[in-house]
Amino acid sequence: MKFKKNDMVTVEIKDMGHDGEGIGKAEGYTLFIKDAVIGDLVEAKVMKAGKNYGYARLMQVLKPSKDRVEPKCSCARACGGCQLQALSYEKQLEFKEKKVRGNLERIGGFSDLEIEKVIGMEHPWRYRNKAQYPVGKDKDGKIITGFYAGRTHSIIPNQDCLLGAEINETILEKVIAYMEENHVTPYDETTGRGLVRHVLIRCGYQTGEIMVCLIVNGRKLPAAEKLTDSLREIPGMTSISLNVNTKRNNVILGEEVINLWGQAFITDAIGEVKYQISPLSFYQVNPIQTEKLYETALEFAGLTGKETVWDLYCGIGTISLFLAKKAKQVYGVEIVPPAIADARKNAALNGIENAEFYVGKAEEVLPEKYEQEGISADVIVVDPPRKGCDEAVLQTMLKMKPERIVYVSCDSATLARDLKRLCEEMYEVKRVAVCDMFPQGVHVETVALLTRNAR
Ligand code: SAH
(Lines give C-alpha, C1' and ligand atoms only; values in the text may rest on other atoms or scores of the structure.)
Protein backbone atom coordinates (compact mmCIF):
# COMPACT_ATOMS: atom_id res chain seq x y z
CA MET A 1 0.00 0.00 0.00
CA LYS A 2 1.61 3.15 -1.19
CA PHE A 3 -0.71 5.75 0.22
CA LYS A 4 -2.85 6.29 3.24
CA LYS A 5 -6.08 8.18 3.84
CA ASN A 6 -5.89 11.96 3.31
CA ASP A 7 -2.67 11.85 1.30
CA MET A 8 -2.73 14.35 -1.55
CA VAL A 9 -1.73 13.02 -4.95
CA THR A 10 -1.38 14.30 -8.48
CA VAL A 11 -2.88 11.97 -11.07
CA GLU A 12 -3.23 11.96 -14.81
CA ILE A 13 -6.54 10.34 -15.77
CA LYS A 14 -5.93 7.71 -18.42
CA ASP A 15 -9.17 5.80 -18.44
CA MET A 16 -12.71 5.76 -17.15
CA GLY A 17 -14.39 2.97 -15.20
CA HIS A 18 -17.84 1.48 -15.71
CA ASP A 19 -19.44 3.99 -13.37
CA GLY A 20 -17.83 6.92 -15.14
CA GLU A 21 -15.09 7.44 -12.56
CA GLY A 22 -11.67 8.61 -13.72
CA ILE A 23 -8.83 6.11 -13.43
CA GLY A 24 -5.17 7.00 -13.19
CA LYS A 25 -1.95 6.13 -11.44
CA ALA A 26 0.08 7.90 -8.80
CA GLU A 27 3.57 6.42 -8.55
CA GLY A 28 2.31 3.26 -10.18
CA TYR A 29 -0.63 2.89 -7.77
CA THR A 30 -4.11 2.86 -9.36
CA LEU A 31 -6.69 5.31 -8.10
CA PHE A 32 -10.37 5.70 -8.95
CA ILE A 33 -11.46 9.33 -8.87
CA LYS A 34 -15.11 10.28 -9.29
CA ASP A 35 -15.82 13.43 -11.36
CA ALA A 36 -12.40 13.33 -13.06
CA VAL A 37 -12.54 12.72 -16.80
CA ILE A 38 -10.15 11.05 -19.18
CA GLY A 39 -7.31 13.39 -20.08
CA ASP A 40 -7.50 15.50 -16.87
CA LEU A 41 -4.50 16.16 -14.66
CA VAL A 42 -5.95 16.38 -11.17
CA GLU A 43 -5.07 16.84 -7.56
CA ALA A 44 -6.92 14.36 -5.40
CA LYS A 45 -7.16 13.29 -1.79
CA VAL A 46 -6.92 9.60 -0.99
CA MET A 47 -10.08 8.44 0.79
CA LYS A 48 -9.58 4.70 0.86
CA ALA A 49 -6.39 2.81 0.08
CA GLY A 50 -6.45 -0.93 -0.57
CA LYS A 51 -3.62 -3.26 -1.41
CA ASN A 52 -3.78 -2.91 -5.17
CA TYR A 53 -5.87 0.17 -5.74
CA GLY A 54 -7.69 2.95 -3.95
CA TYR A 55 -10.27 5.69 -4.16
CA ALA A 56 -9.55 9.40 -4.09
CA ARG A 57 -11.66 12.56 -4.05
CA LEU A 58 -11.19 15.13 -6.77
CA MET A 59 -9.89 18.34 -5.14
CA GLN A 60 -8.73 20.37 -8.08
CA VAL A 61 -8.40 20.03 -11.82
CA LEU A 62 -4.82 21.13 -12.48
CA LYS A 63 -5.01 20.80 -16.24
CA PRO A 64 -8.40 20.06 -17.80
CA SER A 65 -8.80 17.42 -20.46
CA LYS A 66 -9.64 18.73 -23.93
CA ASP A 67 -12.86 16.74 -23.59
CA ARG A 68 -13.87 18.32 -20.28
CA VAL A 69 -16.91 20.61 -20.43
CA GLU A 70 -18.53 22.80 -17.80
CA PRO A 71 -21.42 20.80 -16.32
CA LYS A 72 -24.68 22.54 -17.22
CA CYS A 73 -26.31 21.71 -13.94
CA SER A 74 -25.05 23.57 -10.89
CA CYS A 75 -25.61 20.47 -8.73
CA ALA A 76 -23.94 18.01 -11.07
CA ARG A 77 -21.32 16.89 -8.55
CA ALA A 78 -23.47 16.68 -5.47
CA CYS A 79 -26.30 14.84 -7.21
CA GLY A 80 -25.92 11.14 -7.73
CA GLY A 81 -27.90 11.24 -10.98
CA CYS A 82 -25.48 12.20 -13.76
CA GLN A 83 -21.98 10.78 -13.81
CA LEU A 84 -20.73 12.13 -17.12
CA GLN A 85 -21.82 15.78 -17.25
CA ALA A 86 -18.22 16.99 -17.23
CA LEU A 87 -17.43 15.02 -20.38
CA SER A 88 -18.35 16.28 -23.86
CA TYR A 89 -21.33 14.44 -25.34
CA GLU A 90 -19.26 13.12 -28.20
CA LYS A 91 -16.85 11.54 -25.72
CA GLN A 92 -19.74 10.18 -23.65
CA LEU A 93 -20.85 8.23 -26.71
CA GLU A 94 -17.30 7.03 -27.27
CA PHE A 95 -17.09 5.95 -23.62
CA LYS A 96 -20.30 3.93 -24.01
CA GLU A 97 -19.24 2.29 -27.23
CA LYS A 98 -15.94 1.35 -25.64
CA LYS A 99 -17.68 -0.09 -22.61
CA VAL A 100 -19.86 -2.35 -24.79
CA ARG A 101 -16.96 -3.36 -27.01
CA GLY A 102 -14.80 -4.11 -23.97
CA ASN A 103 -17.41 -6.41 -22.45
CA LEU A 104 -18.08 -8.20 -25.73
CA GLU A 105 -14.37 -8.84 -26.10
CA ARG A 106 -13.43 -9.64 -22.52
CA ILE A 107 -16.49 -11.60 -21.41
CA GLY A 108 -17.88 -12.82 -24.72
CA GLY A 109 -14.63 -13.48 -26.51
CA PHE A 110 -15.88 -11.59 -29.58
CA SER A 111 -12.81 -9.84 -30.85
CA ASP A 112 -13.81 -8.75 -34.31
CA LEU A 113 -17.38 -7.55 -33.90
CA GLU A 114 -18.27 -4.33 -35.57
CA ILE A 115 -20.52 -2.01 -33.62
CA GLU A 116 -22.35 -0.60 -36.57
CA LYS A 117 -23.97 2.38 -35.01
CA VAL A 118 -23.98 4.40 -31.82
CA ILE A 119 -27.33 6.09 -31.61
CA GLY A 120 -26.96 9.34 -29.70
CA MET A 121 -29.33 12.25 -29.09
CA GLU A 122 -29.32 15.49 -30.96
CA HIS A 123 -30.19 17.35 -27.77
CA PRO A 124 -28.97 15.22 -24.88
CA TRP A 125 -30.94 17.16 -22.23
CA ARG A 126 -34.50 17.28 -20.92
CA TYR A 127 -35.27 13.87 -22.29
CA ARG A 128 -36.79 12.28 -19.19
CA ASN A 129 -40.59 11.99 -19.20
CA LYS A 130 -40.72 11.03 -15.53
CA ALA A 131 -39.47 12.78 -12.42
CA GLN A 132 -39.73 11.83 -8.75
CA TYR A 133 -38.85 14.61 -6.37
CA PRO A 134 -38.57 13.93 -2.63
CA VAL A 135 -40.19 16.56 -0.39
CA GLY A 136 -38.68 17.60 2.94
CA LYS A 137 -37.62 20.55 5.08
CA ASP A 138 -34.37 22.47 5.20
CA LYS A 139 -32.71 23.32 8.52
CA ASP A 140 -34.85 26.46 8.85
CA GLY A 141 -38.01 24.42 8.49
CA LYS A 142 -38.78 25.63 4.97
CA ILE A 143 -40.39 23.09 2.64
CA ILE A 144 -38.03 22.00 -0.12
CA THR A 145 -37.91 19.57 -3.00
CA GLY A 146 -34.82 18.43 -4.80
CA PHE A 147 -32.79 15.27 -4.97
CA TYR A 148 -30.94 13.09 -2.56
CA ALA A 149 -27.24 13.89 -2.33
CA GLY A 150 -25.34 10.89 -3.74
CA ARG A 151 -25.85 7.78 -1.58
CA THR A 152 -27.61 9.68 1.24
CA HIS A 153 -31.13 10.75 2.05
CA SER A 154 -30.50 14.42 2.68
CA ILE A 155 -32.27 16.60 0.14
CA ILE A 156 -30.37 19.16 -1.86
CA PRO A 157 -32.89 21.73 -3.11
CA ASN A 158 -33.18 21.80 -6.89
CA GLN A 159 -36.45 22.05 -8.75
CA ASP A 160 -35.06 22.04 -12.22
CA CYS A 161 -33.22 18.85 -13.06
CA LEU A 162 -31.88 19.47 -16.56
CA LEU A 163 -32.75 15.95 -17.66
CA GLY A 164 -36.43 16.54 -16.91
CA ALA A 165 -39.19 18.63 -18.44
CA GLU A 166 -39.14 22.39 -17.95
CA ILE A 167 -42.67 22.35 -16.57
CA ASN A 168 -41.52 20.33 -13.53
CA GLU A 169 -40.28 23.49 -11.85
CA THR A 170 -43.66 25.23 -12.11
CA ILE A 171 -45.43 22.12 -10.82
CA LEU A 172 -43.12 21.84 -7.82
CA GLU A 173 -43.53 25.54 -7.01
CA LYS A 174 -47.28 25.12 -7.04
CA VAL A 175 -47.13 22.05 -4.82
CA ILE A 176 -44.90 23.81 -2.28
CA ALA A 177 -47.07 26.97 -2.32
CA TYR A 178 -50.14 24.83 -1.68
CA MET A 179 -48.40 22.99 1.16
CA GLU A 180 -47.27 26.21 2.82
CA GLU A 181 -50.64 27.95 2.51
CA ASN A 182 -52.56 24.96 3.84
CA HIS A 183 -50.07 23.82 6.47
CA VAL A 184 -49.50 20.48 4.83
CA THR A 185 -46.39 18.86 6.25
CA PRO A 186 -43.67 17.05 4.35
CA TYR A 187 -42.89 13.52 5.44
CA ASP A 188 -39.97 13.05 7.79
CA GLU A 189 -38.15 9.77 7.29
CA THR A 190 -36.56 9.78 10.71
CA THR A 191 -39.84 10.07 12.64
CA GLY A 192 -42.26 8.57 10.12
CA ARG A 193 -44.48 11.65 10.56
CA GLY A 194 -45.65 14.21 8.05
CA LEU A 195 -47.71 13.76 4.92
CA VAL A 196 -46.13 14.45 1.52
CA ARG A 197 -43.26 12.13 0.62
CA HIS A 198 -42.62 12.57 -3.09
CA VAL A 199 -44.02 14.33 -6.12
CA LEU A 200 -44.19 12.14 -9.20
CA ILE A 201 -44.55 13.90 -12.54
CA ARG A 202 -44.99 12.25 -15.92
CA CYS A 203 -45.26 14.03 -19.26
CA GLY A 204 -46.45 12.51 -22.52
CA TYR A 205 -43.74 13.45 -24.96
CA GLN A 206 -45.93 13.22 -28.06
CA THR A 207 -49.26 14.20 -26.53
CA GLY A 208 -48.20 16.92 -24.09
CA GLU A 209 -50.39 15.37 -21.39
CA ILE A 210 -49.17 15.84 -17.82
CA MET A 211 -49.69 13.72 -14.72
CA VAL A 212 -48.97 14.81 -11.15
CA CYS A 213 -49.15 12.29 -8.34
CA LEU A 214 -48.38 13.15 -4.72
CA ILE A 215 -47.10 10.22 -2.73
CA VAL A 216 -48.51 10.64 0.76
CA ASN A 217 -48.22 9.04 4.15
CA GLY A 218 -52.01 8.84 4.53
CA ARG A 219 -55.14 8.69 2.43
CA LYS A 220 -56.29 12.30 2.35
CA LEU A 221 -54.93 15.66 1.41
CA PRO A 222 -56.33 18.68 3.33
CA ALA A 223 -57.99 21.23 1.03
CA ALA A 224 -57.11 19.06 -1.95
CA GLU A 225 -59.17 21.22 -4.32
CA LYS A 226 -56.77 24.12 -3.64
CA LEU A 227 -54.00 21.99 -5.10
CA THR A 228 -55.99 20.71 -8.05
CA ASP A 229 -57.32 24.21 -8.86
CA SER A 230 -53.80 25.52 -8.98
CA LEU A 231 -52.32 22.64 -10.98
CA ARG A 232 -55.19 22.67 -13.48
CA GLU A 233 -54.04 26.08 -14.71
CA ILE A 234 -51.08 24.35 -16.35
CA PRO A 235 -51.78 23.59 -20.02
CA GLY A 236 -51.76 19.86 -20.66
CA MET A 237 -52.64 18.88 -17.08
CA THR A 238 -54.57 15.63 -17.46
CA SER A 239 -54.34 13.63 -14.27
CA ILE A 240 -53.87 14.55 -10.61
CA SER A 241 -53.78 11.83 -7.99
CA LEU A 242 -52.54 10.62 -4.63
CA ASN A 243 -50.54 7.51 -4.07
CA VAL A 244 -50.84 6.04 -0.59
CA ASN A 245 -47.59 4.94 1.01
CA THR A 246 -47.71 4.66 4.81
CA LYS A 247 -44.82 2.23 5.09
CA ARG A 248 -41.59 3.25 6.73
CA ASN A 249 -39.23 2.17 4.00
CA ASN A 250 -37.34 3.47 1.00
CA VAL A 251 -39.77 2.27 -1.63
CA ILE A 252 -41.21 5.35 -3.28
CA LEU A 253 -44.64 4.19 -4.42
CA GLY A 254 -47.39 2.43 -2.50
CA GLU A 255 -50.00 0.22 -4.15
CA GLU A 256 -53.11 2.36 -3.92
CA VAL A 257 -53.84 5.34 -6.14
CA ILE A 258 -56.67 7.78 -5.37
CA ASN A 259 -57.70 10.04 -8.19
CA LEU A 260 -58.11 13.71 -7.28
CA TRP A 261 -58.87 15.30 -10.61
CA GLY A 262 -59.06 14.35 -14.31
CA GLN A 263 -58.24 10.95 -15.71
CA ALA A 264 -56.42 8.19 -13.89
CA PHE A 265 -53.84 8.00 -16.67
CA ILE A 266 -52.10 9.94 -19.41
CA THR A 267 -51.62 8.73 -22.95
CA ASP A 268 -48.39 8.85 -24.87
CA ALA A 269 -47.10 7.22 -28.03
CA ILE A 270 -43.87 5.68 -29.23
CA GLY A 271 -43.89 5.83 -32.99
CA GLU A 272 -47.49 5.06 -33.88
CA VAL A 273 -48.27 2.89 -30.89
CA LYS A 274 -50.25 4.53 -28.10
CA TYR A 275 -49.82 3.70 -24.42
CA GLN A 276 -51.88 4.51 -21.37
CA ILE A 277 -49.67 5.29 -18.42
CA SER A 278 -50.88 5.34 -14.82
CA PRO A 279 -48.77 6.39 -11.80
CA LEU A 280 -47.81 2.77 -11.19
CA SER A 281 -47.07 1.75 -14.79
CA PHE A 282 -43.60 1.03 -15.96
CA TYR A 283 -42.77 3.12 -19.03
CA GLN A 284 -39.47 3.86 -20.73
CA VAL A 285 -38.14 7.21 -19.47
CA ASN A 286 -36.52 8.43 -22.68
CA PRO A 287 -39.23 8.26 -25.35
CA ILE A 288 -37.10 9.73 -28.14
CA GLN A 289 -34.36 7.14 -27.81
CA THR A 290 -36.81 4.36 -27.05
CA GLU A 291 -38.33 4.84 -30.47
CA LYS A 292 -34.89 4.62 -32.08
CA LEU A 293 -34.06 1.55 -30.01
CA TYR A 294 -37.28 -0.23 -31.01
CA GLU A 295 -36.82 0.80 -34.65
CA THR A 296 -33.45 -0.91 -34.50
CA ALA A 297 -34.92 -4.01 -32.86
CA LEU A 298 -37.64 -4.05 -35.53
CA GLU A 299 -35.07 -3.74 -38.31
CA PHE A 300 -32.97 -6.54 -36.80
CA ALA A 301 -36.07 -8.74 -36.45
CA GLY A 302 -36.47 -8.60 -40.26
CA LEU A 303 -40.22 -9.16 -40.21
CA THR A 304 -42.24 -9.73 -43.36
CA GLY A 305 -45.67 -10.34 -41.84
CA LYS A 306 -45.45 -14.12 -41.70
CA GLU A 307 -43.46 -14.57 -38.51
CA THR A 308 -44.33 -15.87 -35.09
CA VAL A 309 -42.44 -13.72 -32.61
CA TRP A 310 -41.81 -14.18 -28.89
CA ASP A 311 -41.02 -11.10 -26.81
CA LEU A 312 -39.54 -12.26 -23.51
CA TYR A 313 -39.36 -9.89 -20.53
CA CYS A 314 -41.92 -7.75 -22.33
CA GLY A 315 -42.90 -5.28 -19.56
CA ILE A 316 -46.03 -3.41 -20.66
CA GLY A 317 -45.62 -4.89 -24.11
CA THR A 318 -43.88 -1.93 -25.68
CA ILE A 319 -41.69 -4.00 -27.99
CA SER A 320 -44.43 -6.59 -28.63
CA LEU A 321 -46.87 -3.95 -29.86
CA PHE A 322 -44.18 -2.25 -31.89
CA LEU A 323 -43.48 -5.54 -33.68
CA ALA A 324 -47.09 -6.77 -33.93
CA LYS A 325 -47.96 -4.72 -37.00
CA LYS A 326 -45.18 -6.39 -38.97
CA ALA A 327 -45.58 -9.93 -37.63
CA LYS A 328 -48.17 -12.66 -37.95
CA GLN A 329 -48.39 -13.29 -34.22
CA VAL A 330 -46.57 -11.95 -31.17
CA TYR A 331 -46.41 -13.58 -27.72
CA GLY A 332 -45.16 -11.56 -24.77
CA VAL A 333 -43.98 -12.94 -21.42
CA GLU A 334 -43.54 -10.85 -18.29
CA ILE A 335 -43.31 -11.58 -14.57
CA VAL A 336 -45.21 -8.54 -13.21
CA PRO A 337 -49.02 -9.04 -13.48
CA PRO A 338 -50.04 -5.33 -13.64
CA ALA A 339 -47.57 -4.83 -16.49
CA ILE A 340 -49.33 -7.60 -18.44
CA ALA A 341 -52.69 -5.98 -17.66
CA ASP A 342 -51.30 -2.76 -19.18
CA ALA A 343 -49.95 -4.68 -22.16
CA ARG A 344 -53.40 -6.16 -22.92
CA LYS A 345 -55.08 -2.80 -22.45
CA ASN A 346 -52.58 -1.13 -24.76
CA ALA A 347 -53.03 -3.82 -27.39
CA ALA A 348 -56.79 -3.15 -27.35
CA LEU A 349 -56.24 0.61 -27.39
CA ASN A 350 -54.27 0.22 -30.62
CA GLY A 351 -56.62 -2.32 -32.18
CA ILE A 352 -53.84 -4.91 -32.17
CA GLU A 353 -55.33 -8.41 -32.20
CA ASN A 354 -52.29 -10.55 -32.94
CA ALA A 355 -50.52 -10.04 -29.62
CA GLU A 356 -51.05 -12.38 -26.69
CA PHE A 357 -49.50 -12.01 -23.26
CA TYR A 358 -48.54 -14.43 -20.51
CA VAL A 359 -47.78 -13.66 -16.90
CA GLY A 360 -44.88 -15.66 -15.53
CA LYS A 361 -41.17 -16.18 -15.47
CA ALA A 362 -39.68 -16.37 -18.94
CA GLU A 363 -37.58 -19.33 -17.74
CA GLU A 364 -40.77 -21.21 -16.82
CA VAL A 365 -43.30 -20.07 -19.42
CA LEU A 366 -41.10 -20.61 -22.47
CA PRO A 367 -39.93 -24.17 -21.64
CA GLU A 368 -43.46 -25.12 -20.58
CA LYS A 369 -45.05 -23.84 -23.77
CA TYR A 370 -42.35 -25.44 -25.84
CA GLU A 371 -42.44 -28.83 -24.16
CA GLN A 372 -46.19 -29.11 -23.61
CA GLU A 373 -47.62 -27.23 -26.55
CA GLY A 374 -44.78 -27.48 -29.01
CA ILE A 375 -44.90 -23.76 -29.78
CA SER A 376 -42.47 -22.42 -32.30
CA ALA A 377 -40.81 -19.12 -33.07
CA ASP A 378 -39.31 -17.52 -36.13
CA VAL A 379 -37.91 -14.65 -34.14
CA ILE A 380 -37.33 -14.32 -30.40
CA VAL A 381 -36.75 -10.92 -28.87
CA VAL A 382 -35.41 -10.69 -25.32
CA ASP A 383 -35.04 -7.58 -23.17
CA PRO A 384 -34.05 -8.95 -19.76
CA PRO A 385 -33.18 -7.04 -16.59
CA ARG A 386 -29.53 -6.44 -15.76
CA LYS A 387 -28.83 -10.01 -14.73
CA GLY A 388 -29.50 -11.20 -18.26
CA CYS A 389 -31.33 -14.33 -19.43
CA ASP A 390 -31.80 -17.36 -17.25
CA GLU A 391 -30.00 -20.50 -18.45
CA ALA A 392 -33.37 -22.23 -19.01
CA VAL A 393 -34.36 -19.44 -21.41
CA LEU A 394 -31.11 -19.77 -23.37
CA GLN A 395 -31.48 -23.56 -23.49
CA THR A 396 -35.06 -23.41 -24.67
CA MET A 397 -34.20 -20.89 -27.35
CA LEU A 398 -31.47 -23.24 -28.56
CA LYS A 399 -34.06 -26.02 -28.76
CA MET A 400 -36.64 -23.86 -30.51
CA LYS A 401 -34.06 -22.72 -33.06
CA PRO A 402 -35.64 -19.46 -34.20
CA GLU A 403 -34.06 -18.04 -37.31
CA ARG A 404 -33.21 -14.82 -35.55
CA ILE A 405 -32.74 -13.74 -31.95
CA VAL A 406 -32.82 -10.04 -31.17
CA TYR A 407 -31.20 -9.33 -27.82
CA VAL A 408 -31.94 -5.93 -26.28
CA SER A 409 -29.75 -5.40 -23.25
CA CYS A 410 -29.26 -2.81 -20.52
CA ASP A 411 -26.09 -4.50 -19.29
CA SER A 412 -23.46 -5.36 -21.85
CA ALA A 413 -21.60 -7.64 -19.42
CA THR A 414 -24.47 -10.12 -19.12
CA LEU A 415 -25.24 -9.61 -22.82
CA ALA A 416 -21.71 -10.72 -23.67
CA ARG A 417 -22.05 -13.78 -21.40
CA ASP A 418 -25.36 -14.82 -22.99
CA LEU A 419 -24.22 -14.20 -26.57
CA LYS A 420 -21.18 -16.36 -25.93
CA ARG A 421 -23.45 -19.18 -24.74
CA LEU A 422 -25.74 -18.90 -27.78
CA CYS A 423 -22.83 -18.73 -30.19
CA GLU A 424 -21.19 -21.83 -28.76
CA GLU A 425 -23.98 -23.77 -30.34
CA MET A 426 -25.71 -22.62 -33.45
CA TYR A 427 -25.88 -18.86 -33.52
CA GLU A 428 -23.75 -16.11 -34.87
CA VAL A 429 -23.75 -12.42 -33.96
CA LYS A 430 -24.58 -10.53 -37.12
CA ARG A 431 -25.19 -6.96 -36.04
CA VAL A 432 -24.67 -4.85 -32.94
CA ALA A 433 -25.98 -1.35 -32.28
CA VAL A 434 -25.57 0.81 -29.21
CA CYS A 435 -28.27 3.26 -28.17
CA ASP A 436 -27.77 6.04 -25.67
CA MET A 437 -30.93 6.04 -23.59
CA PHE A 438 -29.38 7.95 -20.70
CA PRO A 439 -27.22 10.87 -21.85
CA GLN A 440 -25.10 12.35 -19.00
CA GLY A 441 -25.36 9.04 -17.14
CA VAL A 442 -23.34 5.87 -17.62
CA HIS A 443 -26.00 3.40 -18.68
CA VAL A 444 -26.26 2.25 -22.24
CA GLU A 445 -28.53 -0.07 -24.20
CA THR A 446 -27.29 -2.53 -26.77
CA VAL A 447 -29.19 -4.40 -29.46
CA ALA A 448 -27.67 -7.49 -31.01
CA LEU A 449 -28.94 -9.63 -33.87
CA LEU A 450 -28.08 -13.31 -33.86
CA THR A 451 -28.82 -15.55 -36.80
CA ARG A 452 -28.90 -19.33 -36.91
CA ASN A 453 -26.00 -21.03 -38.59
CA ALA A 454 -26.59 -23.35 -41.49
CA ARG A 455 -24.88 -26.28 -39.75
N1 SAH B 1 -39.23 -4.73 -22.93
C2 SAH B 1 -39.86 -3.85 -21.96
C3 SAH B 1 -39.29 -3.96 -20.53
C4 SAH B 1 -37.94 -4.52 -20.33
S5 SAH B 1 -37.36 -4.36 -18.69
C6 SAH B 1 -39.80 -2.45 -22.43
O7 SAH B 1 -39.01 -2.11 -23.30
O8 SAH B 1 -40.57 -1.64 -21.94
C9 SAH B 1 -37.27 -6.02 -18.16
C10 SAH B 1 -38.59 -6.61 -17.75
O11 SAH B 1 -38.37 -7.96 -17.36
C12 SAH B 1 -39.26 -5.96 -16.54
O13 SAH B 1 -40.55 -5.59 -16.92
C14 SAH B 1 -39.27 -7.05 -15.47
O15 SAH B 1 -40.42 -7.01 -14.67
C16 SAH B 1 -39.24 -8.29 -16.30
N17 SAH B 1 -38.72 -9.52 -15.68
C18 SAH B 1 -37.75 -9.64 -14.74
N19 SAH B 1 -37.47 -10.93 -14.50
C20 SAH B 1 -38.27 -11.67 -15.31
C21 SAH B 1 -38.44 -13.06 -15.53
N22 SAH B 1 -37.71 -13.95 -14.87
N23 SAH B 1 -39.34 -13.45 -16.45
C24 SAH B 1 -40.07 -12.55 -17.14
N25 SAH B 1 -39.96 -11.21 -16.97
C26 SAH B 1 -39.07 -10.78 -16.07
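## Basis of the values

The model is predicted, and local features need pLDDT of at least 70, side-chain atom pairs count only at pLDDT 80 or more, and totals for chains, interfaces and linings use all residues. Residues are numbered from 1 along each chain as its sequence is written, and side-chain values use heavy atoms, with hydrogens and water left out.

## Aromatic pairs and a charge over a ring

The structure holds nine aromatic pairs. Rings of Phe, Tyr and Trp (its six-membered ring) pair if their centres lie within 6.5 Å; planes under 30 degrees apart count as stacked, over 60 as edge-to-face and the rest as tilted. One of these pairs is formed by Tyr 331 and Tyr 358, which are stacked at 6.1 Å centre to centre with 20° between the planes. This pair links distant parts of the chain, with Tyr 331 in strand 17 (residues 329-334) and Tyr 358 in strand 18 (residues 355-359), 27 residues apart. Helices (H or I, at least four residues) and strands (E, at least two) are DSSP runs, numbered from the N terminus. Both Tyr 331 and Tyr 358 are buried; buried means under 20% relative accessible area, exposed over 50%, and partly exposed in between (1.4 Å probe, protein chains only).

Phe 32, Tyr 53 and Tyr 55 form one aromatic cluster. Elsewhere, the ring of Tyr 187 has the charged end of Arg 197 over it, 4.2 Å from the ring centre. A charge sits over a ring if NZ of Lys or CZ of Arg is within 6 Å of the ring centre and within 35 degrees of the ring normal.

## The cavity

Rolling a probe the size of a water molecule over the atoms shows where empty space is left. The structure holds one cavity of 30 Å³ or more. On a 1 Å grid over the protein atoms alone, a cavity is a set of points where a 1.4 Å probe fits but cannot get out, and lining residues have an atom within 4 Å of a point. Grid points are joined across faces, edges and corners, and a volume is the space filled by probe spheres set on the points.

About 30 Å³ of space lies in the largest cavity. Its lining consists of Asn 129, Lys 130, Arg 202, Cys 203, Ile 266, Ile 277 and Tyr 283. These lining residues divide into four nonpolar, one polar and two charged, where Ala, Val, Leu, Ile, Met, Phe, Trp, Tyr, Cys and Pro count as nonpolar, Asp, Glu, Lys and Arg as charged, and the others, Gly among them, as polar.

## Positive phi angles

Most residues other than glycine have a negative phi. Asn 6 has a positive phi of about 75° although it is not a glycine. Asn 6 belongs to the segment before strand 1 (8-16) and is partly exposed at 45% relative accessibility.

Lys 401 also has a positive phi, near 50°, in a residue other than glycine. The loop between helix 8 (391-400) and strand 20 (404-409) contains Lys 401, which is partly exposed with a relative accessible area of 40%.

## Buried residues and their contacts

Contact means heavy atoms within 4.5 Å. Ala 433 is found in strand 21 (residues 427-435) and is buried, with a relative accessible area of 0%. Not counting residues up to four places away in sequence, Ala 433 touches Lys 117, Thr 296, Phe 300, Glu 445, Thr 446 and Val 447. Asp 342, in helix 6 (residues 337-349), is buried at 10% relative accessibility. Leaving aside neighbours within four places in sequence, Asp 342 is in contact with Ser 281 and Ile 316.

Gln 159 lies in the loop between strand 9 (155-157) and helix 2 (167-181) and counts as buried, with a relative accessible area of 18%. Beyond residues up to four places away in sequence, the contacts of Gln 159 include Tyr 133, Thr 145 and Asn 168.

## Two loop residues: Lys 328 and Gln 85

Lys 328 lies in the loop between helix 5 (318-324) and strand 17 and is exposed at 51% relative accessibility. Gln 85, in the loop between strand 5 (53-63) and helix 1 (89-106), is buried at 6% relative accessibility. Lys 328 and Gln 85 are 243 residues apart in sequence and 44 Å apart in space, C-alpha to C-alpha.

Note on methods. 1 Å grid on protein atoms, 1.4 Å probe; cavity = no way out; pocket = protein on both sides within 12 Å on 5 of 7 lines; lining within 4 Å.
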